Amino acid sequence: MANILNLVERRNWVPGYRKDPYLTFNFVVEIDGIAVAGFTDVSGLSIETQVERKTFGGENHKEYTFLTQTKYSDITLKHGITNDDYLWNWYRMVINGRITRKNGSICLLDHSGNPKLWWDFLEACPIKWEGPAFSATSSSIAAETLVLTHNGINMHK
């Protein structure tokens with residue numbers, strides 16, 4: 001019982017008060033400190049540590065696990081096309097051999113628009129661009145997708 005009370009005290013729990021989870025549609029993406037576009041989708045915030053499993057002679061009933069390298073997934077950004085060509089120009093520089101790595105952040109906002117959580121991606125570089133799919137029978141917005149590779153993610157509040 002004492003462990004539960006300590007946990008409650010550490011979380012600043014107040015009876016009758018509940019913290020609702022943040023909603024996924026309320027976010028901002030910045031690259032080099034600039035909000036570069038109104039993104040509709042962000043995916044790929046993923047980190048995975050690889051595991052190597054081994055058994056040793058004489059202990060065939062037991063499997064040992066060893067942690068190896070940690071991998072960061074590529075981040076995919078999607079937004080409606082406007083006349084702002086910041087992201088296109090960044091990728092075009094990569095195509096032309098002028099690789100410029102940039103830091104960026106994905107910031108989750110609360111229901112009032114206040115920043116609550118950040119995921120900073122480090123030394124990012126675009127590796128794929130995808131243009132809009134056109135259809136005469138659709139009224140959806142024209143969207144482009146940019147995939148970024150990077151060298152790590154830090155989360156902070």
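Tutor: A salt bridge here is a side-chain nitrogen of Lys or Arg within 4 Å of a carboxyl oxygen of Asp or Glu. Keep in mind that the model is predicted. By this rule there are 3 salt bridges.

Start with glutamate 63 and arginine 53. They form a salt bridge, and their closest N and O atoms are 3.8 Å apart. Glutamate 63 sits in the loop between strand 4 (47–54) and strand 5 (64–72), while arginine 53 belongs to strand 4, so the pair ties together parts that are 10 residues apart in sequence. How open are the two partners? Arginine 53 counts as exposed, because its relative accessibility is 54% and the cut-off for exposed is over 50%. Glutamate 63 has 48% relative accessibility, so it counts as partly exposed.

Next come lysine 54 and glutamate 52. Their side chains meet in a salt bridge, at 3.1 Å from N to O. Lysine 54 is partly exposed, at 36% relative accessibility. Glutamate 52 is partly exposed too, with a relative accessible area of 35%.

Now take aspartate 110 and lysine 116. Their side chains also meet in a salt bridge, with 3.9 Å from N to O. Is aspartate 110 buried or exposed? Its relative accessibility is 9%, so aspartate 110 counts as buried. The cut-off for buried is under 20%. Lysine 116 is partly exposed, at 32% relative accessibility.

At 41% relative accessibility, glutamate 123 is partly exposed.

Another positive phi belongs to aspartate 32, near 55°, and this residue is not a glycine either. Look for aspartate 32 in the loop between strand 1 (27–31) and strand 2 (34–35). It is partly exposed, with a relative accessible area of 44%.

Finish at threonine 145, in strand 9 (residues 143–149). Threonine 145 counts as buried, because its relative accessibility is 16%. What does threonine 145 touch, leaving aside its neighbours within four places in sequence? Its contacts are Thr76, Leu77, Lys78, Lys128, Trp129 and Glu130. Histidine 79 is 66 residues from threonine 145 along the chain, yet their C-alpha atoms are separated by 6.7 Å.

Notes
Residues are numbered from 1 along each chain as its sequence is written. This is a predicted model: local features need pLDDT of at least 70, side-chain atom pairs count only at pLDDT 80 or more; totals for chains, interfaces and linings use all residues. Side-chain values use heavy atoms; hydrogens and water are left out. Helices (H or I, at least four residues) and strands (E, at least two) are DSSP runs, numbered from the N terminus. Buried means under 20% relative accessible area, exposed over 50%, partly exposed in between (1.4 Å probe, protein chains only). Contact means heavy atoms within 4.5 Å.
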